[in-house]
Amino acid sequence: MTSLKTYVITRVLLTIPMIFILLTLVFFVMRVLPGNPVIAMVGMKASQRYIKQLEHELRLDKPLWEQYVDYLNRLLHGDLGRSMIWGRRPVINEIMDHFPATLELTVWGFIFSVLLGLATGVVAGVKEGGKMDFAMRVYSIVVYSLFIPWFGMVLQLIFGVWLHALPVGGRINPLLTPKHITGIYVLDSMLTWNLPALSSSIRHLMLPSLTLGIVLSGIYTRLVRSSLIEVLGQDFIRACKSRGLPERSILFKHGLKNALIPILTMMGLQFALLLAGAVLTETTFSWPGIGTFLMERIEYRDFTTVQGTVVFYAIFVALISLIVDLIYAYIDPRVRY
Amino acid sequence: MKRSGISKGVLIVIVAIIIVIIAAVVLSYKQPSKQTTPTTTKPTTTPSNATQQAQKKYADVIVIGTTDKVSDLDPANAYDFFTWEVFYNTMEAPLGYIPGTTKLEKKLITNYEVSNEGKVYILHLRKDLKFADGTPCTAKDLKWSIERVARIQGDPSWFVLDFMEDVKVLDTYTLEIDLKKPVSFYPAVLAVPTYAPIPSSKYPPDKISSDNTAGGVGPYKIVKFVRDQELILETNPYYYGASPKTKTVVIKFYKDATALRLALQSGEIDVAWRTLNPSDIISLKKNSNYKVWEGAGSYIRYIVFNTKMPPLDNRLVRQALAAALDRQSIVQKVFLGTVEPLYSLVPKGMWSHKDSFKDKYGASPDLELAKKLLKKAGYSENHKLRITLWYTPSHYGSTEADVASLIKEAWEKTGLVEVTVKSAEWSTYLELTRKGQLPVTLYGWYPDYLDPDDYLYPFLHTGANRWLGNPFSNNTVDELLDKAQIETSQTKRAQLYEKVQDILADQAWIVPIFQGKLYAVSKRSVGGIVLDPMMLLRYYLIYKQVSG
Amino acid sequence: MRSFSSVFSGIERALSGAGLDGYLVIFGSITVMAVLIMAIFANYIAPYDPVQSVGPAIHPPCTKYIMGTDSIGRDVFSRIVYGSRTILTVVVMSTGLSMVIGIPLGLISGYMGGILDRILSLIMDSIYAFPGLILAIVIAAMLGPGIYNTALSLAVVYIPTYFRMIRGEVLSLRERLFIEAARAIGAKSRRIITKYIFPNVIYLIAVIFSLNVADAILTEAGLSFLGLSVTAPTPDWGFDLKNGQRYFLSGIWWPVTFPGIMIILLALGFGFLGEGLNTIVSKRGE
């Protein structure tokens, strides 16, 4: 297991330059161009003196490189700093307020897309080159091209406005908000056995997570398909066939099972796409997640918060792919690092 | 063999997930799809003791949705409309406004006297004032709070610093405020929440306390605040006045107007407050399940010309653009008639308002006049006036792009103007404006206090308009405005302000576009919403009848 | 003329063996060509000025305004026709820029190796691993709206795509015999890259391009939906979709539906084209 340990350490160390590069890019793009959080926050009525005073408090009057070094130094100590506007709360608290909403949405979107992707991918992969294969390939391109805001709005119109079946915005009925444990409402309401809250949060989740799930399922269709085709072409499957095992059993017991391992690794890579799609989904469904939060803080040029959110995204993406790699290493004994 | 075992595990996990989803879907459909009244009548927070049975016919909880946000819960630093609305309900100032009017009424004081030619104010506080935690509130607390604002020097501190020389406690319930110079509208200033007393035990004396929910003396107290999500208010048992009909008020914050409308329709909220889309207001008006409340607004929108930048330093050019502006098309097309055209910076309904721009340029666009003026300024079909119009895409709502497009269209109808439209996000927009780098900009104004002074002085007085990039200065206007500030007779002040409005129409430094109306939409069972130029909801007046 | 007909017969031959994938290519190219024609001849196709109100606001589709009018009475169809110019300009500029930067860097980095390769790969991988739209949002918001700024922010996001694919291909080519031979006879690195390696990655570039453009279209539309791409009154599909959103749930479907369908169609066109070509090329390879 020591080799695994070194591997994990290397991977973690490798995320540091990644964060550093993205942060540097964002830091300078943001500060060199006009616009600053103080003016955005206080609005047009504030006096020049007051603005100067706030800029001084936020150290925005310091030279750029000094601010940069200062920020990196804090970051090294695990401090994302404080927001520059509205209450100047610690950035990490702000992020943690909004992150559970995004996590809830992406996890459900992920589940939907994997399920849809598995179903369509298996249909496609069973008979390569067949009509169903072609249909599923077309499916994968079509759903991927469905522009998320448009698709989301169509679902809102059908299920929200015409059928009155599902709510089309927000996370939960405000009066039912469960006790805060994880911030993930479905989980919190299950933990506190609060059924009305569970029902309300699931109903609110349906449309956004379906939108995200359907659009991204196309990617999984392709992954499952190509991985299944590869496995089905291997010798041991032929051996099974020659032994006269039933098709279905070959497919599910041997084919799919072995195809799942490479699919799993690819999932980690797709998580970035899921997060990007979540930004559009959140905007369309007024979902109070980290994407809508980032958009708002960009508008106000809340430097520290935008930087912190970028760092957070980077760490999150790196973490997911690390976890997936570890699971892979655990499942597939051939892999050794 | 090991491998197959683990894969089986993976399959089991997947099957489990499927089962959970199916269960969830089934569960979610068991709930009746319309969940309107039953949830809201249920007291989710502690039902407080005394008057419970007397108020049985009113719902205990009312949920209000808004797209606004709380900026800072410290009165020494908050300076925006919505946060002030919360303050008006949780921390009263010495004075306030009678709901539905622009008349001042006494809140925390029983009386006040003005002496020394308007420079000294003596306030007599009520003797039964208590903060939300039950500790008494006296003149000492008021003095401490006012001095705290001055010490912290936050955004709204000018309400104190610009006017006040000194504040003294005369006895437990009497306070003296000495002004630097007589200010005719100082009682209106005493109604802003910056003058609200807060408990010195709960607020740090020289630091801003942004998420502080301690509050002051008001009909409600804050029991929970989750930024950008919700704010929960409960009646303050120690309030001196009558207890409100609704025990708990929940404010829900929404990202945009669409979300707000949907929340109303799904029954999540009882009242949709600012700001719904015009099209939603129109369509909800036709729906008998909802009540649409309408009131005069004191919110104005206008175009600012940077008069230091050619060709806008030319008065003829500005006049021509003012003449060509098509207010009706903006009001009708973009806002579907939910706003009113405005022909002065002082809004209609406020005393001293004069339709100066209408008098000078007519109510509808006068293209002939505009052409004549432009030709006089030396422009022709071959030598068009080229200007750049800036707008900001989200701060004033999603309608702003359409407003800019229509202004461009109206100006180009003269055939002598070519308009380039550009946009910048709010912070960039403000910064560039302040630096005087934007030629033509669109802005909006919410008043701080209801007095014509607040609609003219900050725009037109030399130095006071620094936030617009110091675009112009005019001695006559300065004199008139200074004179009106110390004049005590309202008739005389009105005459001065009318003169200023006429000069503005002639100079056209700033061109008014429209004035907002106020809308709130509620469920049928909701009553007690009073909308007036204060542009705030008084939660303590709102109630919801429970059927059956 | 000869070369022309040979091109056609080439296409015919290519499609004849392609089966269903041939249809994908045909559908894809027709869609893309249609949008291209729409963009080039916009002033002949569009019945009205796209930035002038020409009728009553929010008028439903009728014979006079075949796709209705928008919030301030502009013709939706005319805006869609002109909007194709905006999205195509941005996408072509951004992919062009990412290719111009990404491909040479990939070639050099892959061929040279060493510390330069390490650094470049690290930078590119960092950007690649990060959610693309989010990075584009941050950059576009800071640069401010405008066609060039949007193209620039998209380019930053897509440079790593080209870099990584090209670099990977070069790494495997480098070990091939003909390259070794060229090196043995003393050819300069520069010459090897341009004369021997580059021609061998051109087919790959075509495939990445068609797949990448579909992605870039969706990202551009996403940016302008978020209000970060163009300034009013420029016609743009994503922007118009956003502008129509506030009416959509009151039942006014046309200002949203049509731009949305166009975005999807264009992305689909490139997606099908890429998928079809990819399959056909790989079948050939076998």
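Reader: How many residues does the contact take from chain A and from chain B?

Author: In this predicted model, the contact takes 59 residues from chain A and 67 residues from chain B. A residue counts here because it has heavy atoms within 4.5 Å of the other chain.

Reader: What area do chain A and chain B bury between them?

Author: They bury about 5,800 Å², and 61% of it lies on carbon and sulfur atoms. On the chain A side, M44(A), K45(A) and L175(A) lose the most area to chain B, together 15% of what that side buries.

Reader: Why is the pair R89(A) and D211(B) called a salt bridge?

Author: The N to O distance between their side chains is 3.7 Å. The cut-off is 4 Å between a side-chain nitrogen of Lys or Arg and a carboxyl oxygen of Asp or Glu, so the pair qualifies. The count between chain A and chain B is two salt bridges, and there are six residue pairs in polar contact, both residues at pLDDT 80 or more.

Reader: Which helix gives the most to the side of chain A that touches chain B?

Author: That is α5(A), with eight residues. By class, this side of chain A has 30 nonpolar, 17 polar and twelve charged residues.

Reader: Which residues are linked with R89(A) and D211(B) in a network of salt bridges?

Author: The network also holds E94(A), D97(A), E296(A), R297(A), D302(A) and K69(B).

Reader: What makes R74(A) and D79(A) partly exposed?

Author: The relative accessible area is 38% for R74(A) and 32% for D79(A). Buried means under 20% and exposed means over 50%, so both residues fall in between. These two residues form a salt bridge, with the closest N and O atoms 3.4 Å apart.

Reader: Are D68(B) and R274(B) buried or exposed?

Author: Both are buried, which means a relative accessible area under 20% for each. They form a salt bridge with the closest N and O atoms 2.8 Å apart. The pair links distant parts of the chain, 206 residues apart.

Reader: How do you know that R493(B) and D451(B) form a salt bridge?

Author: Their closest N and O atoms are 2.7 Å apart, and the cut-off is 4 Å, so the pair counts. Both residues are buried. R493(B) sits in helix α17 (residues 490-507) of chain B, and D451(B) in the loop between β16 (440-445) and α15 (453-460), 42 residues apart.

Reader: Which residues have the most contacts inside the largest nonpolar core?

Author: I177(B), Y302(B) and W411(B) do, in a core of 319 residues. Among the residues W411(B) touches are I303(B), F305(B), L321(B) and V440(B).

How values were computed:
Residues are numbered from 1 along each chain as its sequence is written. Chains are lettered from A and ligands numbered from 1 in the order in which they are written. This is a predicted model: local features need pLDDT of at least 70, side-chain atom pairs count only at pLDDT 80 or more; totals for chains, interfaces and linings use all residues. Side-chain values use heavy atoms; hydrogens and water are left out. Buried area is the accessible area (1.4 Å probe) that two parts lose on being put together, summed over both. A polar contact is a pair of N or O atoms within 3.5 Å; within protein, one must be able to donate a hydrogen and the other to accept it, and residues adjacent in sequence count only if both atoms are side-chain atoms. Helices (H or I, at least four residues) and strands (E, at least two) are DSSP runs, numbered from the N terminus. Ala, Val, Leu, Ile, Met, Phe, Trp, Tyr, Cys and Pro count as nonpolar, Asp, Glu, Lys and Arg as charged, and the others, Gly among them, as polar. A nonpolar core is a set of buried Ala, Val, Leu, Ile, Met, Phe, Trp, Tyr and Cys residues joined through side-chain atoms within 4.5 Å. Buried means under 20% relative accessible area, exposed over 50%, partly exposed in between (1.4 Å probe, protein chains only). Lists of a residue's contacts leave out its neighbours within four places in sequence.
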